[in-house]
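Here is a short tour for anyone meeting this structure for the first time. Have a look at the sequence and the model, then read on.

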Amino acid sequence: MGRMGSSKGGRRARRQFGDEFMAGAVRLVLDEGKTVGAVARELDLTPSSLGNWVRHARAERTKGKSGLMQEEREELTRLRKENRELRIERDLLKKVSALFARHQA
């Protein structure tokens, strides 16, 4: 059984890719008609990563008609973070008000 991080059967280390590399890989799929699987094999990528890049690029090209555009994804991320922070604040206020009410009685 492989251990995480090992070179034999374990998970591959997380890699970072530049915007130009990702754009080139997406171009091979969208403009040259190659399949996601074929391009992923050629470039030693996981098909799921390349598929995500292609999906995002399609959304950008169609102005959001086939998915979320970049600015919409960024806004969604920002709003989720804000929502999480507001829930924490709300829960804290509930606890403080309950404590305050208990001491007032």
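## Ground rules

Buried here means under 20% relative accessible area, exposed means over 50%, and partly exposed is in between, using a 1.4 Å probe and protein chains only. Helices are DSSP runs of H or I with at least four residues, numbered from the N terminus.

This is a predicted model, where local features need pLDDT of at least 70, side-chain atom pairs count only at pLDDT 80 or more, and totals for chains, interfaces and linings use all residues. Residues are numbered from 1 along each chain as its sequence is written, and side-chain values use heavy atoms, with hydrogens and water left out.

## Helix α1

Let's start with α1, where A25, V26, L28 and V29 are buried. They sit on the same side of α1 because they cover an arc of only 155° around the axis, the arc being that of the directions from the helix axis to the C-beta atoms. Over on the other side, D19 and E20 are exposed.

What covers the buried residues of α1? The cover includes α2 and α3, with contact meaning heavy atoms within 4.5 Å.

## Helix α3

In α3, the buried residues are L50, W53, V54, A57 and A59. They pack against α1 (19-30) and α2 (36-43).

## Two positive phi values

Most residues other than glycine have a negative phi. D44, in the loop between α2 and α3, has a positive one near 55°. At 44% relative accessibility, D44 counts as partly exposed. Just after α3, K63 also takes a positive phi, of about 55°.
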